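Please take a moment with the sequence and the structure below before reading on.

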Amino acid sequence: MHDEPNPRHADAPATATASPEARVLGLLLPYHRTTAPAPPGDPVEHHPEQLAQIRRFTSAGEPVLFTLPGFPCKSPNPAKVLGRLPDEGERLSLAFLDRLCARVGEVYAPGARMLICSDGHIFGDLINVPDAHIDAYGDALRTMIRRAGLRHLDTFDLREVYGDLPYDEKRARATTAYAPALATLRALTRTDEETTRLYRGITRFLVEDATGHTGSRSALQRESRARAYGVIARSRAWGDLIADRHPRSVRLSIHPQRPGAAKFGIRLLESADAWATPWHSTVLRRRDGSAELMRRADAERLGRLVLRDGRPSHYAQ
């Protein structure tokens, strides 16, 4: 079975003369999730930020640390997902990330670790997902990692930062300490293409996931646009908090990133939608064994439901 995204192009040359950071980056390049056409061959030289981030570890002979914000919680829209807990999408994505770290160890002896920075609690109230559901998702994610023996993966969330404080207090502290001003974000959506694209993508998710909305469509869109600014502000607060706690790391993102950005966008699974993630989608297993993310309603139409450990897991043709 094909359990990882198809490489968009061949790995960068991992020759004996290539630097350790170039060899490590060469393993990431085939899975680059970007908003811009890649330069011919997408050589490592087009990613100076990532080379510099990796070099901080290779120059010291230390394991590379990747930080990846994501894996927050399942979408509350039952037309998109199978339920509240991690399923085949998360299982395949985590296994892919673990294999990627293992492959780093083949080209750079100290190897690598991946820190999954679950961001559900930072904006849970804005996406209308209860904290109890986010906790259940996170706990199940850690169980999934442990049972699968994914030894290169660790997790990190607001519980590691603020302990047993109420979640509203945790969010308030993180937002006060790290979030940009909303006026700054509004200005960026008018001048920065990447911020505009992110704002539109999050607004779309919020509209789609508002399953209990009883008002007009235009009112929902206005409300979702306002909440989208809050989600972006807190997401950036979460990124800065992670950077504060882990000042040396290779910063990954599940969102598309342009070449040369401080973060490296990475694809977890195949999808026709550049913004699809395991927590906003369902897996369809094709007859050839490949896995693709899509809306549950579409996967249900194309395949039969498969259970794992007695729970809905994915669809298969």
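Predicted model: local features only at pLDDT ≥ 70, side-chain atom pairs only at ≥ 80, totals over all residues.

Which residues of α7 are buried? They are Tyr167, Lys170, Arg171 and Ala174, and because they cover an arc of only 95° around the axis, they are on the same side of α7. On the face turned away from that buried side, α7 carries the exposed residues Asp168, Thr176 and Ala177.

Two packed helices are described by the angle between their axes and the distance between the axes. For helix α8 (residues 182–191) and helix α9 (residues 193–209), the angle is about 105° and the axes are 6 Å apart, which means that α8 is roughly perpendicular to α9. On the α8 side the contact is made by Leu185, Leu188, Thr189, Arg190 and Thr191, while α9 contributes Glu193, Thr195, Thr196 and Tyr199.

The next stop is the sheet. Strands of a sheet pair through backbone hydrogen bonds, either parallel or antiparallel. Here 5 strands, in the order β6-β8-β7-β10-β9, form an open sheet whose pairing is mixed. The strands β6 (270–271) and β9 (304–308) stand at the edges, and since each has a single partner strand, one side of each is left without a neighbour in the sheet. Within the sheet, strand β7 (residues 282–285) and strand β8 (residues 291–294) run antiparallel and are joined by 4 bridges, with Leu284 standing opposite Glu292 in β8. Helix α3 (residues 88–107) lies across β7, β8, β9 and β10 (311–316), and α3 runs at about 80° to β7.

Two loop residues complete the picture. Asn128, in the loop between α4 and α5, has a positive phi of about 60° although it is not a glycine, and Asn128 is exposed, with a relative accessible area of 52%. In the loop between β9 and β10 lies Asp309, a residue other than glycine whose phi is also positive, near 55°. Asp309 is exposed, with a relative accessible area of 72%.

Notes
Residues numbered from 1 in each chain as written. Heavy atoms only, no water. Pairing = 2+ DSSP bridges. Contact = heavy atoms within 4.5 Å. Axes fitted to C-alpha atoms, helices over the stretch in contact; angles between N-to-C directions. Buried < 20%, exposed > 50% of the residue type's maximum accessible area, 1.4 Å probe, protein only. Arc of directions from axis to C-beta. Parallel < 35°, antiparallel > 145°, perpendicular 65-115°, else oblique.
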